[in-house]
Structures are given as C-alpha cells and as structure tokens.
Amino acid sequence: MTKMRRLGVLTSGGDGPGMNPAIRAVVRTALEHEIIPWGIQRGFQGLIDNDMQEMTARSVGGIIQRGGTLLGTARSPEFMTERGRMEALRNLNKNSINALIVIGGDGSMRGALELHKQGFPVVGVPGSIDNDVYGSEMSIGVDTALNTLLQAVDRIKDTASSHRRAFLIEAMGRNCGYLALMGGLAGGAEMVLIPEVPFELEEVLNGLRDAYIKGKAHCIIIVAEGASHRATEIKEFLDTHKQETGFTTRVTILGHVQRGGSPSAFDRILGSRLGAAAVQALIEGQQGIMVGISKSQAAYTPLEEVVSKGKPLDMNLYRIARILEK
Ligand code: F6P
C-alpha cells in the first residue's frame, strides 16, 4: 500500500451511541500519525455524492458524550450497484483519500468488503445496536441501547405491578433477539420472544395464565421486532382471550428511543479503542479486515468472514432467562 496520507471515515446503516467517540478516535489517532482525516457525510451515499471534507482535532471536540453520529448516516441502495461504487472510488481518488474506515453493522461491512475487492484499503469497525456482527463480542451502541431498554422495563414494571397488568414491550432487532434477550435477563421479564425461537400465540396465552396462577403482580414480556408475531398482534390475540389470562394487557413499542441518547462509559471506551485500533491497523498495512473486541482485546477478522458468518445468539443465555422467569 502506498503511504497513507488522507484517511476517510464514515458511519453507515443504523446509528448507535458511541459512533461519535469512534469518529473522534479515528480523527485524533490519524493526526497523531500525520495523516489527514476526512469525514464523509451520510455513509456510502456521501462517497457517491462527493460529500466529504477535511477534519481537524477541533471538529471532533465536544462530541464524545453525544449520541447519533456527527457525520450522519444512511442506507445507500445506490452503493449496492456497480455504477454507485465506481462513483465512490472516483470521488475518493479525486480527493486523494487512499484509505477508509467504515463504522457500521453487517450491511456496512458488506459495503466495505466491496471496496476492498476493488483493491481500496479499508478497515471496518462494528457499530450497531443489534450486536449481530460476527468478529466482535460487542458492537458500538449495544451497551447504551440495552441500558435504555432496561430503564424502560424497570419503569414499566412499576406501573404494571400497581395495576396487575401484563405488558408487551417491543425491543429493536429485526433479525436478532440480543437486545430483547439481554433486556429480559437483566430486567427479570416473565417472557422473552425472539426471532431465534419461533412461537405460537397460544404459548404466550399459557405463559400469561401461568404467571397469574403463580401469583405474580405483573407479567413483563419482551418481544423483539423480528419475533414470530409483533407485539400489537399478540395483544389483539390476548384481548380476545381476556377471561383466560387474569391480566389486562398493554403494549409499549420502544422503537428508535433505543438508538439515541448519550453513550454509556462502555460505548465511549469501546468506540475510542476500536477507532484508534482501526487507524493503527491501516498504518501496519492491514486491510480488508474488521477490528472488533474479543476477550477485552482488539480482534482482527477478515471482512469476507465477517459478512459470510452470522453471529448466533448464545442460546445458553436464553435457557438461563427461561429458568429465571419463574
Ligand atoms: O440495525 C439496527 C436497527 O435499529 C434494527 O434493530 C432495526 O430493526 C432497524 O435498525 C431499524 O431501521 P430504521 O432506522 O431504518 O428504521
């Protein structure tokens, strides 16, 4: 690789708290090595639209505690086309940017791999509240999102107990039940419904009835977005069987509340470490990899492997959650 003089950084896909600390770390680590950092706006779309500019140590001042991403983000269908990627490479070339750091989830790592395949030096950093990126025990944003969910669960539990109600709390996670499962485990939920474990509506009804018979004052059910049935659909079903459950039911859909907010200490540190490690990896001549975290250390995984291997949920944790919901 020719000497890295200008390094681009972008955030892509769903944002997550901790992306700003990661951007800050990329910019300041680059400057430390006399590399000029460039910020690309709105992910891969900004590459196509040539929406990018030089960054300084000051342009990332005061952002470590802010949620979202200073650079903006997008899901770019255009980048999935040959033509879009050609435009992106042309603009990188035009601005003399000769390496790139991509912060985002599995879709973003797919985009990064496409650039790598074209011979462009790129390193990925996992950032997604879903925690479904292979090659990292945690992705940036997960810890904060989980704590936001947990806070909601605790609050809902207070009112649920007062009214002797069941609550369906819908957590984010289209394809992955990580947030719902961990939220259930940490929040002491009576039931966790996740995409990894298909279920019938009758099973939820039975769970509700069991909780009532056991003498519980509430029944907290955490439903991942991608579970077999959405929270509203489950409520409709339970409402038609009200007499059989003992509880009345309410629904809270947390949605994007889980994606925003000030990053936790964990996410600030994770973002800072991975951002710095990504620059370091490029300096050492590594490319086409993602820098994640494993056993508290930076871990390097080829992007090819990151995108081809899914990150399965630890089903042992699901079994523990089931035991503890008694
Ligand atoms: O991938 C992160 C995530 O928050 C998922 O949990 C959720 O299903 C999806 O993004 C929502 O995407 P959007 O913000 O585009 O509606």
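Two strands count as paired if DSSP finds at least two bridges between them. Helices (H or I, at least four residues) and strands (E, at least two) are DSSP runs, numbered from the N terminus. With that settled, β1 and strand β4, residues 99–104, pair in the parallel sense over five bridges. Within that pairing, valine 9 stands opposite isoleucine 101 in β4.

A word on what we are looking at. This is a predicted model, in which local features need pLDDT of at least 70 and side-chain atom pairs count only at pLDDT 80 or more, while totals for chains, interfaces and linings use all residues. Residues are numbered from 1 along each chain as its sequence is written, and side-chain values use heavy atoms, with hydrogens and water left out.

Back to β1. Its other partner here is strand β2, residues 36–40, again parallel, over four bridges. Arginine 6 stands opposite isoleucine 36 in β2. Together with helix α1, residues 19–32, the strands β1 and β2 make a right-handed β-α-β unit; right-handed means that, with the strands pointing away from the viewer, the path from the first strand over the helix to the second runs clockwise. Is β1 buried or exposed? Five of the six residues of β1, residues 6–11, are buried, so the strand is largely enclosed by the rest of the structure. Buried means under 20% relative accessible area, exposed over 50%, and partly exposed in between, with a 1.4 Å probe and protein chains only.

Next, helix α4, residues 106–117. At 1.5 Å a residue its 12 residues should span 16 Å, and the end C-alpha atoms are 16 Å apart, which agrees. The expected span is 1.5 Å times one less than the number of residues. Buried residues in α4 are Ser108, Met109, Gly111, Ala112, Leu113 and Leu115. Their cover includes α2, α3, β4, β5, β10 and α10. After the helix comes glycine 119, with a positive phi near 90 degrees.

On the subject of phi, most residues other than glycine have a negative value. Serine 96 has a positive phi of about 55 degrees although it is not a glycine. Serine 96 is in the loop between α3 and β4, and at 46% relative accessibility it counts as partly exposed. Arginine 164 also has a positive phi, near 55 degrees. Its place is the loop between α5 and β6, and its relative accessible area of 48% makes it partly exposed.

Two buried loop residues follow. Isoleucine 63 is in the loop between β3 and α3 and has a relative accessible area of 1%. Its C-alpha atom is separated by 9.8 Å from that of glycine 18, 45 residues apart along the chain. Not counting residues up to four places away in sequence, isoleucine 63 touches Asn20, Arg24 and Leu70; contact means heavy atoms within 4.5 Å.

Histidine 229 is in the loop between β8 and α8, and at 15% relative accessibility it counts as buried. Which side chain does histidine 229 join by a polar contact? It is glutamate 233, at 2.8 Å. A polar contact is a pair of N or O atoms within 3.5 Å; within protein, one must be able to donate a hydrogen and the other to accept it, and residues adjacent in sequence count only if both atoms are side-chain atoms.

Last, the domains. The chain is divided into domain 1, 6–141 + 263–308, and domain 2, 146–256, with bounds from an automatic or database domain assignment. The contact takes six residues from domain 1 and six residues from domain 2.
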